[in-house]
Amino acid sequence: MKSNRLSLSRRTFIKKMSAGASAVYLSPFLNACSQSGKAYPLFSDTEIDVEIRLTAMRDAVQILSGYPTDVWRYKGELIRGPENTIEHIQDSYLGPILHLHQGQNIRIHFANQLGESSIIHWHGLHVPEAADGHPRLVISPGEEYIYEFSVLDRAGTYWFHPHPHGRTGPQVNNGLAGLIVIHDLEEAALDLPRRTYDLPLVIQDRTFDSNNQFIYGGTHMDQVMGFLGDTLLINGQLKKTYSVETRSYRLRLLNGSNSRIYKIAWSDKTKLTVIGTDGGLLEKPISKDYIILAPAQRTELWIDFSNRELGSVLSLINEESAMPGGENEFPIVNFSVDSQSGSSSELPQKLSKHVLNNPQEAVNATDPRQFVLQMGMGMSWNINGQSFEMEGVADDERIRLGDLEMWEFNNQAGGGMGMLLPHPMHIHGLQFQVISRNIDARYRELWETINDGLVDEGWHDTVLVMPGEQVQVLIRFEDFEGLYLYHCHNLEHEDMGMMRNYRVVA
Ligand code: C2O
Ligand code: CU
Ligand code: CU
């Protein structure tokens with residue numbers, strides 16, 4: 001999984017951490033109550049490869065015809081580093097795409113110009129505690145938080161979004177989110193489609209009022225079910241048709257929706273060729289009739305338009321499903337084959353080398369850590385009967401640094417009115433393997449309508465746990481001590497407290 005270059009940079013990085021960094025390591029806690037936040041100074045100025053400022057601010061963008069829509073967005077500015085680090089998306093509220101390379105040392109200044117507290121989380125990235133964007137590190141309007149971390153992750157599609165407790169759903173809905181694309185040497189050696197043939201597609205649903213302004217569901221039912229929009233946006237735009245050439249493309253899909261789960265297929269029943277997941281490229285491509293993409297999950301598809309007729313249109317569609325809001329089939333994005341291409345690239349049959357962990361080597365192989373997803377008093381979702389507490393860590397949420405652990409998410413309990421919903425469970429800071437799924441016989445029928453679309457191969461940071469399901473994941477808590485989160489990535493569930501801390505100690 002890791003290239004040589006990474007293990008080198010990781011070694012120097014770990015050395016830095018142990019060599020005298022411990023004194024300043026606590027600084028984020030001290031700074032949490034001062035004027036501005038600052039991750040501990042990991043690097044000197046000369047060691048920084050990329051320095052960026054991201055400012056969260058109010059703005060207005062033209063999404064529908066007529067009135068522009070008021071949005072909240074991240075504006076990006078490159079302070080130093082390669083020129084193509086920041087890719088702006090025209091006419092969109094989405095933040096810039098950050099192109100990072102494995103091994104780079106990053107410094108990011110987050111400036112909060114919103115009317116409320118916020119903090120940025122780098123979803124999927126393996127970063128030190130102080131750089132993870134935990135809600136206790138929120139900064140007030142007018143303040144700045146400085147993040148520093150090395151890019152340790154594999155090439156792949158990651159993203160960033162706000163993480164203030166109780167306000168993540170509305171802040172994301174207002175527009176705050178952006179993609180991170182990591183590049184590495186293993187991937188660079190492959191002949192995959194690049195530049196304009198490598199298309200990011202952020203899928204989000206929104207609801208607009210008659211003045212073209214976002215509506216966010218404030219009712220308790222919206223919170224319990226998750227907020228579903230009635231208008232689909234791609235990359236923050238209503239535009240759904242992309243003009244393509246007769247050649248192959250790489251499509252990077254992020255489900256950036258608050259709660260909607262998509263069942264994605266090609267309109268003409270062409271099989272989907274999946275080449276990547278949350279944690280980057282698969283070992284080899286896999287073929288699917290459809291895939292299920294839950295909030296926060298990424299999937300990478302490879303598609304060849306070279307034998308398509310000029311003028312033809314192929315669409316990714318959402319197939320009807322039993323997921324909340326999944327009653328109708330609708331188009332997600334259309335590709336209009338408009339021009340001949342002189343070049344193409346073949347699908348590589350070997351994409352990457354994974355160094356997978358062995359479940360039998362988990363410290364708790366026979367007795368996985370249990371996380372029961374349920375609904376408590378007041379119809380509020382929780383984990384093991386407990387809601388989020390800012391600094392709270394239960395005894396069974398303490399982990400030894402370096403341990404390989406089996407975690408089991410159990411969605412069989414229901415509770416309240418016996419309601420079961422799908423929960424996309426996310427663990428901060430690390431990528432895991434999905435080991436097994438177990439479905440309660442009473443829910444098998446529903447499950448079989450989506451089961452073939454679950455991509456469990458490869459590396460993940462978010463796993464969908466269906467009603468009646470028990471899902472086991474294998475995860476190594478390496479490199480960093482500290483307080484991290486795990487939670488449901490249905491943002492309404494997260495905001496209502498379906499989130500907990502775990503603490504890693506040496
Ligand atoms: Cu994208 Cu705490 O999550
Ligand atoms: Cu995350
Ligand atoms: Cu949930």
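**Contact between domain 1 and domain 2**

On the domain 1 side, at least two residues touching domain 2 are supplied by each of strand S3 (69-80), strand S9 (156-162), helix H4 (168-173) and strand S10 (178-183). The class composition of this side of domain 1 is 17 nonpolar, 13 polar and four charged residues. The model is a predicted one.

One salt bridge is found across the interface of domain 1 and domain 2. A salt bridge links Glu 187 and Arg 250, with 2.7 Å between the closest N and O atoms.

The size of an interface is often expressed as the accessible area that is lost when the parts come together. For domain 1 and domain 2 the area buried between them is about 2700 Å², and carbon and sulfur atoms account for 55% of it.

The domain assignment of the protein places domain 1 at 4-188, domain 2 at 195-339 and domain 3 at 359-505. To the contact, domain 1 gives 34 residues and domain 2 gives 30 residues.

In the protein as a whole, eight helices and 32 strands are present. The C-alpha trace spans about 65 × 55 × 50 Å along its principal axes. The radius of gyration is 22 Å, which agrees with a compact globule, because a globule of that kind with 506 residues would have a value near 23 Å.

Terms used: Residues are numbered from 1 along each chain as its sequence is written. Chains are lettered from A and ligands numbered from 1 in the order in which they are written. This is a predicted model: local features need pLDDT of at least 70, side-chain atom pairs count only at pLDDT 80 or more; totals for chains, interfaces and linings use all residues. Side-chain values use heavy atoms; hydrogens and water are left out. Domain bounds come from an automatic or database domain assignment. Contact means heavy atoms within 4.5 Å. Buried area is the accessible area (1.4 Å probe) that two parts lose on being put together, summed over both. A salt bridge is a side-chain nitrogen of Lys or Arg within 4 Å of a carboxyl oxygen of Asp or Glu. Helices (H or I, at least four residues) and strands (E, at least two) are DSSP runs, numbered from the N terminus. Ala, Val, Leu, Ile, Met, Phe, Trp, Tyr, Cys and Pro count as nonpolar, Asp, Glu, Lys and Arg as charged, and the others, Gly among them, as polar. The radius of gyration is taken over C-alpha atoms; the globule rule is 2.2 Å times the number of residues to the power 0.38.
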